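Visitor: Could you take me on a close look at the sheet, please? I would also like to know how it sits in the whole chain.

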Amino acid sequence: MRSIRVLLAEDMELLRTALVSVLSDEDDMEVVADLKCAPEVVSVAQRLRPDVAVVAADVPQIGGLSTVHELRRRLPDCRIVALTAPKPPGLLKRLLAANVPGLIDKNASAARLLAAIRGVARGDTMIDTHLVSAALSAGRNPFTPRELHVLRLAAGGASGPEIAKELCLSQGTVRNYLSSAMNKTGARTRIDAIRIAGEAGWL
């Protein structure tokens, strides 16, 4: 039986190294790449064509979620196991909406992860039920698509003028979007609004 070819994307080096060790000990698995969650994950996956991609989905600034979406779009035959914590619940809702076949709690046992990899490789859906419950508890995202876009750019460190240039908006309009985001989160500053939105999983 051919080994399951696994690509691993995890930002925490210690955890990534431990996961590589666990997977490499399995006779039916081969780790073809291990790297941080970054744009190059998708290009590496396109080159190596793994059977399963194990992706940490809860990395900052939606890097992991973006990786999941790009893998789904560019490599539809690659099965994904997303690793995440029960919080923020908004992120869980977005992962479920992305129809990932595997959604596993980062606190799960190694045996659970191995079972998930084997399961999705044979075409099964492997989702921790308590993560689904946590996702259902999430409140509705209050932002419009434009507000989210502005807030995400601000979260990435872009200034008001830079956001205005990127989106072809006036600086006053950008300020209005940021003010609206602050009002919707009850934040006193844009930094607080970004933090609250990030903790809720809306970004």
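Guide: Let's begin with a term: the radius of gyration is taken over C-alpha atoms, and the globule rule is 2.2 Å times the number of residues to the power 0.38. The model here is predicted, so local features need pLDDT of at least 70 and side-chain atom pairs count only at pLDDT 80 or more, while totals for chains, interfaces and linings use all residues. Residues are numbered from 1 along each chain as its sequence is written, and side-chain values use heavy atoms, with hydrogens and water left out.

For 203 residues the rule puts a compact globule near 17 Å, and the protein chain agrees because its radius of gyration is 18 Å. Its C-alpha trace spans about 60 × 35 × 30 Å along the principal axes. Of the 203 residues, 45% are buried (under 20% relative accessible area, 1.4 Å probe, protein chains only).

Now to the sheet. The protein chain holds ten helices and six strands; these are DSSP runs, numbered from the N terminus, with helices being H or I of at least four residues and strands E of at least two. The six strands form an open sheet with parallel pairing, in the order β2-β1-β3-β4-β5-β6. At its edges are β2 (29–35) and β6 (126–127), each pairing on one side only. Two strands pair if DSSP finds at least two bridges between them. Between β1 (residues 4–9) and β2 there are six bridges, in the parallel sense. One of the bridge partners is L35 in β2, which goes with A9.

Conventions: Buried means under 20% relative accessible area, exposed over 50%, partly exposed in between (1.4 Å probe, protein chains only).
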